[in-house]
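This briefing goes through the model by topic, with the structure alongside for reference.

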Amino acid sequence: LAVQLKEAGFRVGRLKTGTPMRLNSRTIDFSQFTPQAGDQPPLGFSYETEKLEVKQMDCFLGYTNKKTHSLIRKNLDRSPLYSGKIQGHGVRYCPSFEDKIVKFPDKERHQVWLEPEGRNTREIYVNGLSTSMPTDVQLRVVATIPGLERAEFTRFGYGIEYDYFDPTQLYPTLETKLISHLYFAGQITGTTGYEEAACQGLVAGINAALQVKEKKEFIISRIQGYIGVLIDDLVTKGTEEPYRLFTSRVEHRMMLRQDNADLRLSAMAYKIGLISKGRIDRIRKKQAAAAEAISILKSLKVNNLDMSRVLRRPEVSYLELLKSDSRLPVLSPEIVALVEMEIKYEGYIQREQRLTDRLRRLEGRVIPRDFSFEKIHGLKKEAREKLLRVRPGSIGQAQRISGISASDMALLLMHLEKRGQRGIKRTGGRDGNKKQ
């Protein structure tokens with residue numbers, strides 16, 4: 001398959017990743033490790049999960065030591081990552097243990113996390129010891145860690161190298177630009193991580209279904225959700241190393257919050273038939289209840305101050321205000337969290353709202369798929385090459401391409417206006433010149 005895609009003209013690169021060994025929990029001395037409990041109360045992945053009754057399982061924290069590090073240094077020449085057998089770019093934020101020892105020689109110890117693989121297995125995932133060292137080295141390395149001296153392996157760690165295809169060859173729907181009806185999602189686009197793969201699969205699957213039904217394409221923008229940020233980063237900037245989304249680095253994270261994800265995205269899901277009317281009705285009731293509570297807080301006074309201003313104080317909670325004033329509505333914990341977030345961070349949220357309104361206007365300035373970037377006179381060669389490679393679908397996306405300057409954008413806007421396309425929406429029609 002990879003050979004056929006290369007022959008079809010797709011630009012291809014190589015990346016690498018690895019995984020740690022798995023151990024038999026019955027052979028581990030957990031008293032040498034520090035238990036690490038999960039969240040209390042535990043949170044579900046879905047808003048449909050009101051609470052989790054299942055007892056949570058602890059992870060355990062331990063450390064490597066000088067003996068561990070010495071073994072790695074003595075055997076570096078046997079690691080495929082350092083012997084040249086594997087040459088692709090690795091995951092920067094999840095380095096192999098060999099990488100840690102080489103890149104941080106001053107560190108006397110590194111964290112090792114023992115994570116249960118599941119409730120019905122004895123396998124323990126040794127987070128922090130990702131490696132592609134030979135098996136005899138792995139056995140000796142693990143035995144240097146207190147509590148793992150007698151640990152039995154159920155699986156050894158390993159490294160792999162794999163093909164990925166430059167994601168700037170994709171539209172924001174994840175359909176390839178070269179071949180109609182072909183969608184890429186997951187590691188093939190250069191990402192790493194389960195969530196990153198899952199969200200792409202969701203968007204690609206939705207758009208494949210909509211295309212079959214000849215309906216309008218589905219795109220989440222970077223101001224609507226983290227999925228939109230991830231896909232926009234990929235299709236606009238590409239990647240030369242395994243890409244992982246870090247929510248702390250996203251520009252609009254005050255608006256893209258866990259507590260309001262259902263309010264931001266459920267209307268889109270309902271419109272294309274992904275959720276039921278009952279579910280969207282519950283979400284609308286939640287939204288209305290939160291809005292009503294915020295309105296009441298702003299109308300009630302405490303010592304000549306709006307109650308909403310009192311709630312802004314870090315030490316004040318909604319439940320404390322409720323105890324002192326029965327005029328406030330009784331709310332579920334999830335709505336309380338939403339109300340507190342909206343009130344306490346109101347100034348920051350409003351500032352971000354102004355920025356996202358500007359970005360929304362730029363995203364509304366659509367560039368037709370058949371626009372001739374090569375005919376823009378006066379454009380720098382680098383800018384022309386990047387615009388032709390990415391083929392941005394909007395002015396906003398074009399502006400985010402690395403290396404595109406303000407003067408390049410001015411020329412692009414001028415040519416768009418000349419063509420008479422200003423403000424015209426892309427219909428989602430397919431390029432008739434693409435291979436079938």
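A polar contact is a pair of N or O atoms within 3.5 Å; within protein, one of them must be able to donate a hydrogen and the other to accept it, and residues adjacent in sequence count only if both atoms are side-chain atoms. Helices (H or I, at least four residues) and strands (E, at least two) are DSSP runs, numbered from the N terminus. This is a predicted model, in which local features need pLDDT of at least 70 and side-chain atom pairs count only at pLDDT 80 or more, while totals for chains, interfaces and linings use all residues. Residues are numbered from 1 along each chain as its sequence is written, and side-chain values use heavy atoms, with hydrogens and water left out.

- Asparagine 65 caps the N-terminal end of H2, with a side-chain oxygen that lies 3.0 Å from the backbone nitrogen of lysine 67.
- Within H2 (residues 66-74), the buried residues are Thr68, His69, Leu71 and Ile72, where buried means under 20% relative accessible area, exposed over 50%, and partly exposed in between (1.4 Å probe, protein chains only).
- Seen down the axis of H2, these buried residues fall within an arc of 160°, so they line one face of the helix; the arc is that of the directions from the helix axis to the C-beta atoms.
- On the other side of H2, Lys66, Lys67 and Lys74 are exposed.
- The buried residues of H2 pack against helix H4 (97-103) and helix H5 (135-143), contact being defined as heavy atoms within 4.5 Å.

**Helix H14**

- The buried residues of H14 (residues 381-390) include Ala383, Lys386, Leu387 and Val390.
- Around the axis these residues cover an arc of only 100°, which puts them on the same side of H14.
- An α-helix has 3.6 residues a turn, so residues three or four places apart point the same way.
- Among the elements that cover the buried residues of H14 are helix H7 (226-237), helix H15 (395-399) and helix H16 (406-419).
- After H14 comes arginine 391, which has a positive phi, near 45°.

**The six-stranded sheet**

- An open sheet of 6 strands is arranged in the order E3-E4-E5-E6-E2-E7, with antiparallel pairing; two strands pair if DSSP finds at least two bridges between them.
- Its edge strands are E3 (34-36) and E7 (153-155), each of which pairs on one side only.
- E3 pairs with E4 (residues 59-63) in the antiparallel sense over 3 bridges, and glutamine 36 has cysteine 59 in E4 as its bridge partner.
- E2 (residues 22-24) and E6 (residues 123-127) run antiparallel and are joined by 3 bridges, with tyrosine 125 in E6 as the bridge partner of arginine 22.
- E5 (residues 111-116) and E6 also run antiparallel, joined by 4 bridges; the bridge partner of leucine 114 in E6 is valine 126, and a hairpin through 6 residues joins E5 to E6.

**Nonpolar cores**

- The largest nonpolar core has 23 residues, and those with the most contacts inside it are Leu23, Ile28, Leu114, Leu129, Val142 and Leu148; such a core is a set of buried Ala, Val, Leu, Ile, Met, Phe, Trp, Tyr and Cys residues joined through side-chain atoms within 4.5 Å.
- H2, H4, E5, E6 and H5 each supply at least two residues of this core, and the largest share, 3 residues, comes from H5.
- Apart from this core lies another, of 21 residues, among them Phe10, Leu170, Tyr183 and Val250.
- Not counting residues up to four places away in sequence, the residues that leucine 23 touches include Ile28, Arg122, Val126, Val142, Leu148 and Phe153.

**Two loop residues**

- Arginine 122 has its place in the loop between E5 and E6 and counts as partly exposed, at 46% relative accessibility.
- Arginine 122 and arginine 22 are 100 residues apart in sequence and 9.5 Å apart in space, C-alpha to C-alpha.
- Not counting residues up to four places away in sequence, arginine 122 touches Leu23, Asn24, Ser25 and Arg26.
- Threonine 189, found in the loop between strand E8 (158-165) and helix H6 (194-212), is buried, with a relative accessible area of 0%.
- The side chain of threonine 189 makes a polar contact of 2.8 Å with the side chain of glutamine 200.
- Leaving aside neighbours within four places in sequence, threonine 189 is in contact with residues including Tyr164, Phe184, Leu234 and Thr239.
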